[in-house]
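Work through the exercises below with the sequence and the model open. Each task is followed by a solution in steps.

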Amino acid sequence: MELRQEQRQHIDTLVRLSEGQAIGLGGCREVIRRSWERCVGEYRLDPGRPRPVRVLTQQAINEHRESVDELLHVARAGVDQLFAQVAPLGYVLLLTDRRGITVEFRGQREQDRALRRAGLYLGADWDERYAGTCAVGTCIHDAHAITCHQREHFDATHIDLTCTAAPITDPQGQVIAVLDISALQSPRALESQNFGLPLVNLYARMIEDAYFLHRYRDCLILRFDTDREFVHLNGRGLIAIEEDGSVIAANGEGRALIDAHLRRWPPWSAGRMPSATQLFDSEIGDLLGLPAANDDQLRAFRVRANDMTCFMSLIEPRRRHIASRSMPSSPTPIPVLDRLASDDPAMYRVLKLARRLRNESVSVLITGETGTGKEVLARALHDSGSRAKGPFVAVNCAAIPESLIESELFGYLPGAFTGGRSKGMRGLIQQADGGTLFLDEIGDMPLSLQTRLLRVLAEREVMPLGAERAVRVDIRVITATHRDMTGLIANGRFREDLYYRLNGAQLRLPALRERADKHYVIRSVYDSLVADRGADIRLRADAMSALLAYAWPGNIRQLKNALSFALATVDGDEITVHDLPEECQGGFVGVPQILEQAPQAPATDEGRSLHALLQEASWNVSLVARRLGVSRPTVYRRMRRYGLVPPNQRETLSAQAVS
Ligand SMILES: Nc1ncnc2c1ncn2[C@@H]1O[C@H](COP(=O)(O)OP(=O)(O)OP(=O)(O)O)[C@@H](O)[C@H]1O
């Protein structure tokens with residue numbers, strides 16, 4: 001690539017930086033300098049060798065798009081509106097996933113070639129590790145909106161561009177996508193881009209909130225703002241709650257309010273999350289009664305974090321009952337399959353395909369990490385299809401010793417081999433006749449048996465050991481594996497022809513940590529465990545929060561074990577974060593850093609003087625009532641208004657309030 005003088009100068013500066021020379025970075029913004037240092041020190045990028053733009057293949061682009069399918073769907077309106085605003089100014093728009101891959105693009109057709117060359121295109125990779133300092137990549141690294149203007153780019157390839165990017169985060173605060181506007185040319189001064197940051201930030205927030213409303217559409221959602229007029233229009237805060245007021249999730253504004261609350265009212269035991277009634281100084285009936293409150297369905301509440309007033313409305317769940325939550329636009333409800341997921345896009349695709357395949361005899365291969373529910377899905381396929389009345393025979397190929405697997409699967413006649421039962425045995429394949437044979441861990445099937453299994457599948461006949469005539473069988477075969485089958489085939493450990501026969505259709509189950517409907521999975525596993533035990537034990541919000549944040553390497557099996565452990569060992573009628581196995585407790589994010597501090601005094605004069613009086617009277621409410629010349633209930637009411645809790649009641653109150 002031929003370099004221009006400007007590019008050579010830029011390279012020269014950065015080469016000197018990479019060699020540890022002083023290069024006078026006085027005018028360079030801190031955020032850019034840190035990124036340049038990462039490029040040189042951490043990613044080992046060589047500024048002397050500008051890299052060409054990297055654009056993924058169509059197939060890889062499709063895979064990246066699929067992983068954010070739901071977000072793309074929700075973001076479309078915001079993307080189009082923002083592009084309509086910036087296109088006349090010569091900007092294009094990129095939406096990237098969390099890895100910096102451009103999964104949505106809007107640009108001017110007439111600039112197509114130039115945009116493609118510049119990496120302003122669908123499929124372009126803007127990961128900081130590859131592209132160096134740039135708006136998207138650096139925004140992902142810092143989880144912060146940024147403009148990267150011309151020579152602030154690390155790689156000389158990009159120094160003509162000006163780009164402004166803002167992160168879109170999920171309800172846990174993790175970056176899931178980046179919204180970016182970029183132009184091929186712009187004035188030299190960075191200030192010329194000042195308009196971009198607030199604009200992109202605003203649209204990123206709108207997309208984030210649309211995604212939140214979509215994700216929690218089956219929950220109650222509180223929407224609030226300090227301006228009454230804005231609540232319905234664009235209420236800044238969103239908090240999804242359970243029917244008892246415990247918090248399930250919150251958007252950025254909601255999380256900021258929770259953090260402020262926890263700073264002012266530190267919980268008296270680690271892991272306690274404030275409930276909505278604590279956050280907004282209300283009774284649960286006040287919140288649930290919001291839709292009928294007024295003509296505009298709004299009410300004012302006091303925010304206990306700052307004593308300010310906010311206005312709130314309640315968005316009711318689209319479908320109230322979990323049992324009826326099926327996937328969006330599911331054609332015909334099939335409860336056995338529908339209950340396996342709520343609104344996870346990967347599961348939506350799996351179940352859509354499963355619905356189509358349930359009455360077919362095509363072999364199905366289910367893949368996914370251990371514990372993701374492969375056997376559960378196989379059984380649901382069987383139970384929802386035309387073979388439901390027939391047997392479902394599950395065989396774990398890894399669990400049966402190699403010496404026994406042949407006789408177990410194929411059966412044998414009397415006297416077929418020493419050690420066999422005198423009456424012989426009907427093999428598992430024959431036992432599945434008229435139903436489904438589920439072969440789990442198929443990757444562990446010995447090679448010699450793979451040949452025999454292939455014959456069964458091809459001819460629909462099984463030859464028991466010692467028999468002279470084959471027996472006809474009518475089976476549907478579902479197999480599962482968590483192993484890389486292509487690797488096993490490449491190493492000669494699995495027959496390619498058998499693989500293709502088993503893989504008539506493939507259903508790939510996502511890991512629990514990747515699922516957008518984790519809340520639903522946790523709830524349904526919990527509810528079924530509680531129903532089995534016949535116990536009335538609640539799962540408190542702090543425990544739910546920890547379960548949502550944990551990475552679940554063992555997937556649903558590990559989740560089930562963790563919940564069974566908590567149910568078996570809990571003392572009392574609710575599970576808190578402390579009742580969970582230790583490894584799951586760390587993920588709880590609602591715990592403030594200042595647990596041991598006493599609560600701060602209220603912000604208003606009246607609140608502060610009541611606080612002082614109570615302290616002076618050693619929290620003797622009768623004494624304070626006499627001194628103020630009011631009744632005891634009035635003092636209690638005022639204490640509630642200012643969030644004043646006697647020290648001896650703090651633990652219990654906090655526990656009740658979150659429960
Ligand atoms: N959707 C679900 N709801 C409730 N429990 C589930 C669900 N999916 C899986 N489980 C439970 O999780 C555990 C693991 O499920 P399953 O055996 O189907 O996983 P798997 O992927 O086949 O595991 P492996 O790869 O280890 O064979 C089981 O106890 C199962 O009951």
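**Exercise 1.** Determine whether W552 is buried or exposed, and describe its backbone.

Solution. Start with the count: 24 other C-beta atoms lie within 10 Å of W552, so W552 is buried. The cut-offs are 20 or more such atoms for buried, 12 or fewer for exposed, and partly exposed in between, with C-beta atoms placed from the backbone. Next, locate W552: it sits in the loop between α22 (541-549) and α23 (555-569). Helices here are DSSP runs of H or I with at least four residues, strands are runs of E with at least two, and both are numbered from the N terminus. Finally, the phi of W552 is near 50°, a positive value in a residue other than glycine.

The model is predicted; local features need pLDDT of at least 70, side-chain atom pairs count only at pLDDT 80 or more, and totals for chains, interfaces and linings use all residues. Residues are numbered from 1 along each chain as its sequence is written.

**Exercise 2.** Which loop holds Q150, and is Q150 buried or exposed?

Solution. Q150 belongs to the loop between β3 and β4. With 20 other C-beta atoms within 10 Å, Q150 is buried. Its phi is positive, about 45°, although Q150 is not a glycine.

**Exercise 3.** Describe how α4 meets α8 and which residues make the contact.

Solution. The axes of α4 and α8 (residues 196-215) come within 9 Å and cross at roughly 150°. That makes the two helices roughly antiparallel, the class for angles over 145 degrees, against under 35 for roughly parallel, 65 to 115 for roughly perpendicular and the rest for oblique. On the α4 side the contact uses L71, V74, A75, G78 and L82, and on the α8 side Y203, M206, I207, A210, Y211 and H214. Contact requires C-beta atoms, placed from the backbone, within 7 Å.

**Exercise 4.** What is the strand order of the open sheet that contains β10, and which residue pairs with D225?

Solution. The order is β8-β7-β6-β10-β9, again five strands with antiparallel pairing. The edge strands, β8 (247-250) and β9, pair on one side only. The twist averages 35° from one strand to the next. Five bridges join β6 (residues 220-225) to β10, where F311 is the bridge partner of D225. β9 and β10 form a hairpin with four residues between them, and D307 in the turn has a positive phi of about 60°.

Definitions and conventions
Pairing = 2+ DSSP bridges. Axes fitted to C-alpha atoms, helices over the stretch in contact; angles between N-to-C directions. Contact = placed C-beta atoms within 7 Å.
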